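Here is a short briefing to read alongside the model. Have the sequence and the 3D view open, and follow the topics in any order you like.

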Amino acid sequence: VFSKIFSHEALESYLPKIQLVIKDTLRAWSSNPEPINVYHEAQKLTFRMAIRVLLGFRIPDEELGRLFEVYQQFVENVFSLPVDLPFSGYRRGIRARETLQKGLEKAIQEKLQNTQGKDYADALDILIESGKEHGKELTMQELKDGTLELIFAAYATTASASTSLIMQLLKHPRVLEKLREELRSKGILHNGCICEGSLRLDNISGLQYLDCVIKEVLRLFTPISGGYRTVLQTFELDGFQIPKGWSVMYSIRDTHDTAPVFKDVDVFDPDRFGQGRSEDKDGRFHYLPFGGGVRTCLGKHLAKLFLKALAIELASTSRFELATRTFPRITLVPVVHPVDGLKVKFFGLDSNQNEILTGTDAMLGATV
């Protein structure tokens with residue numbers, strides 16, 4: 001049922017809405033006179049994307065902001081000890097989830113009652129219809145659980161990867177310029193503007209260097225460290241017997257660090273995924289930012305599409321610079337992110353890729 005949410009047709013319908021959410025967000029970042037905390041703002045962005053695009057909820061901005069704060073409290077307490085005592089993280093998480101589900105139920109009911117003006121089928125529409133096709137009418141509780149699952153899946157890891165993407169573009173301006181060159185050569189970027197109608201799914205899929213950049217971000221800064229599996233049949237690994245029924249953890253990060261196919265593993269080098277080298281093609285499980293096998297991440301194509309759309313907008317319509325003297329230290333828990341959130345100042349650009357002056361700066365410029 002969930003697989004249809006991430007089909008090619010579904011992604012095609014999401015793309016214009018994803019672009020709109022990203023454009024509005026970058027416009028807000030650029031209009032802020034102060035540097036922004038990229039990681040915190042990226043969390044807001046991915047939450048908004050999940051609510052507006054995936055679920056198609058028409059929640060007012062003020063209410064959406066409150067829902068975001070409750071959701072953060074829920075996420076912060078997901079990995080707490082299951083001790084149900086007053087003021088415990090577990091109790092806070094349970095209460096946050098209850099508040100979330102009340103808000104989601106209200107949004108679902110409003111959505112089911114108001115189908116006017118819909119111009120695309122969102123993930124929740126597809127989920128409901130797929131359930132019917134499989135002979136199962138989803139209950140309200142199942143719909144609430146499903147929507148919460150979709151938000152959770154789209155939130156922390158995508159925010160982490162988005163922050164890592166922006167940090168690497170700041171660290172490697174040549175990579176950013178090479179991205180712009182590819183966009184120009186493919187007729188997507190012209191005179192500092194994205195050509196109307198040029199951003200379709202097939203066009204984005206054809207941007208090879210952009211694909212290399214996203215792959216390298218996910219190799220070097222995989223949002224989560226690994227995953228769990230249950231052993232279905234006793235097997236032997238390097239002389240050790242792993243019994244049936246045991247739980248095992250595979251490490252994505254350690255795999256990327258030790259895989260023999262990657263040269264200079266600590267270096268940010270998108271060209272390692274280019275046609276001339278194709279380092280990720282030299283082993284089935286050497287590169288696995290989304291896991292592997294039959295339980296690989298269902299939403300990996302949506303995540304990569306979102307990151308590519310963000311990279312295109314950053315390369316086309318934004319100028320941004322680090323607001324601190326040095327780049328922050330990276331922490332790995334609960335997902336990869338800079339310890340200070342990454343402080344960055346964004347500037348708006350006009351159609352000629354010139355910085356737009358605002359406020360006092362604009363008056364000084366006019367005077368000069």
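Q168 is buried, at 2% relative accessibility (buried means under 20% relative accessible area, exposed over 50%, and partly exposed in between, with a 1.4 Å probe and protein chains only). Q168 belongs to helix α6; helices are DSSP runs of H or I with at least four residues, strands are E runs of at least two, and both are numbered from the N terminus. This is a predicted model, in which local features need pLDDT of at least 70 and side-chain atom pairs count only at pLDDT 80 or more, while totals for chains, interfaces and linings use all residues. Residues are numbered from 1 along each chain as its sequence is written, and side-chain values use heavy atoms, leaving out hydrogens and water.

**Around Q168**
- Setting aside neighbours within four places in sequence, Q168 is in contact with F221 and F268 (contact means heavy atoms within 4.5 Å).
- Between the C-alpha atoms of Q168 and G226 there are 22 Å, and the two residues lie 58 residues apart along the chain.

**Helix α2 with helix α6**
- The axes of α2 (residues 38-54) and α6 (residues 140-171) come within 8 Å and cross at roughly 140°; axes are lines fitted to C-alpha atoms, for helices over the stretch in contact, and angles run from 0 to 180 degrees between N-to-C directions.
- That angle makes α2 oblique to α6 (under 35 degrees counts as roughly parallel, over 145 as roughly antiparallel, 65 to 115 as roughly perpendicular, and the rest as oblique).
- The crossing of α2 and α6 is right-handed; the near helix is turned clockwise from the far one by less than a right angle in a right-handed crossing, and anticlockwise in a left-handed one.
- Residues of α2 in the contact include V38, Y39, F47 and L54, and those of α6 include L150, Y155, T163 and I166.
- By class, this contact of α2 with α6 has 14 nonpolar, six polar and no charged residues (Ala, Val, Leu, Ile, Met, Phe, Trp, Tyr, Cys and Pro count as nonpolar, Asp, Glu, Lys and Arg as charged, and the others, Gly among them, as polar).

**Helix α3 with helix α4**
- The axes of α3 (residues 61-76) and α4 (residues 89-113) come within 8 Å, crossing at roughly 145°, and the crossing is left-handed.
- E63, L67, V70, Y71, Q73 and F74 of α3 meet R92, G93, A96, R97, T99, L100 and K106 of α4.
- The residues of this contact of α3 with α4 divide into six nonpolar, three polar and four charged.

**Helix α9 with helix α11**
- α9 (residues 208-220) packs with α11 (residues 300-317) at an angle of about 115°, their axes 10 Å apart, in a right-handed crossing.
- L210, D211, I214 and L218 of α9 make the contact with K304, L307, K308, A311 and I312 of α11.
- Six nonpolar, no polar and three charged residues form the contact of α9 with α11.

**Backbone points to look at**
- F87, in the loop between α3 and α4, has a positive phi of about 70° although it is not a glycine, and F87 is exposed at 75% relative accessible area.
- L342, in the loop between β10 and β11 (343-348), has a positive phi near 75° and is likewise not a glycine; L342 is buried, with a relative accessible area of 0%.
- The peptide bond from V333 to P334 is cis, with omega near -5°, and P334 sits in the loop between β9 (330-331) and β10 (337-338).

**Cysteines**
- The structure holds zero disulfides (a disulfide is a pair of cysteine sulfur atoms within 2.5 Å).
- C212 is buried at 6% relative accessible area, whereas C297 is partly exposed at 35%.
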